[in-house]
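Here is a friendly briefing to read alongside the model. Please have the sequence and the 3D view open as you go.

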Amino acid sequence: MAEALVLGGGGVAGIAWMTGLLAGLADAGQDVTGADVIVGTSAGSTVGAQLGSRLSLEELYARQAEPERQTAEIPADVDLESFGAQLFALLESASSLPDMRRAVGRFALDAETVSESERRAVIESRLPSHEWPARTLRFVAVDAETGEPRVFDSSSGVSLVDAVAASCAVPGIWPPATVHGRRYIDGGIRSNENADYAAGATQVLVIAPLGTTQLFPSEKPLAKAIEELRAAGAGVAMIEPDEASRTAIGANPLDPSTRTPAAEAGRAQGRRLKIEWSSPV
């Protein structure tokens, strides 16, 4: 049985919440971190890369929950609702989804942000290991110029740090990441979760820090991706933040101060949960 873990986008708060949730699930005897395949988008790519390191889940949790062990982050003041409205204003003339993503890419390329080197240093500090692990990781980004998605894995000839930096390059907030001469933006521009890249697994757990909210139109929104996975014979479960976790994540998931409360809320939620797998259709 091939098991897949799909980790969605959600900023530094999402990284902390997912790490806490995974620790809480393990506390409750439901450790899912040994999945055969991990699909990571944005924050999910960070968590996936961290799970591929040699650190224990307890150590990874401590790096999120304990302020003295947290890595340095660059604060970003953003409200998801207004941010989404700003980007949607760019998309009114888009004739297709790739055209829409190209418009977002142009916006990202023109935006004034911190330097790529500053941003890459943050990604480096987040990752306990900079080497691709033996397990299968798939991290999703979008080419800023073509609007086409790109899935990075250990066979892509790209460093783990560059793959995570590309997947986490929120347009207008962080600079597009340069990888082999191409510029990439956040994989959440295609889908918050990109769950369809778990196709082929017989059991898929989707962890979605932003819930069912989709920031952008997508060929594969979460509901459709889950429907297709089930149609292909996979058992699927999805976890989104409960009320306490949503409160801890707050309106600005890029705020580094959310990490401790989000990690703690995620762990508490995970301890209470019992994963319920849907039967294939």
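**A well-covered helix and its surroundings**

Helix α3 (residues 57–65) is mostly covered, with seven of its nine residues buried. Buried means under 20% relative accessible area, exposed over 50% and partly exposed in between (1.4 Å probe, protein chains only). Helices (H or I, at least four residues) and strands (E, at least two) are DSSP runs, numbered from the N terminus. This is a predicted model: local features need pLDDT of at least 70, side-chain atom pairs count only at pLDDT 80 or more, and totals for chains, interfaces and linings use all residues. Residues are numbered from 1 along each chain as its sequence is written, and side-chain values use heavy atoms, leaving out hydrogens and water.

**Helix α3**
- Its buried residues are Leu57, Leu60, Tyr61, Ala62, Arg63, Gln64 and Ala65.
- These buried residues of α3 pack against α1, α2 (43–51), α6 (116–126) and α10 (259–272), where a contact means heavy atoms within 4.5 Å.

**Nonpolar cores**
- A nonpolar core is a set of buried Ala, Val, Leu, Ile, Met, Phe, Trp, Tyr and Cys residues joined through side-chain atoms within 4.5 Å.
- The largest nonpolar core has 48 residues, and Leu5, Leu51, Phe152 and Ile207 touch the most other members.
- Helix α1 (residues 11–27) gives the most to this core, with nine residues.
- A second, separate core of 19 residues includes Val142, Val170, Ile173 and Ile185.
- Not counting residues up to four places away in sequence, Ile207 touches Leu5, Val6, Leu7, Gly8, Trp17, Met18, Leu21, Leu22 and Ile239.

**Helix α5**
- With 14 residues, helix α5 (residues 97–110) reaches 20 Å from its first C-alpha to its last, close to the 20 Å expected at 1.5 Å a residue; the expected span is 1.5 Å times one less than the number of residues.
- Asp99, Met100, Arg101, Ala103, Val104, Gly105, Phe107 and Ala108 are buried in α5.

**The whole chain**
- The protein chain holds 10 helices and eight strands.
- Its radius of gyration is 17 Å, close to the 19 Å that the globule rule gives for 281 residues, so the chain is as compact as a globular protein of that length. The radius is taken over C-alpha atoms, and the rule is 2.2 Å times the number of residues to the power 0.38.
- Buried residues make up 57% of the 281 residues in the protein chain.
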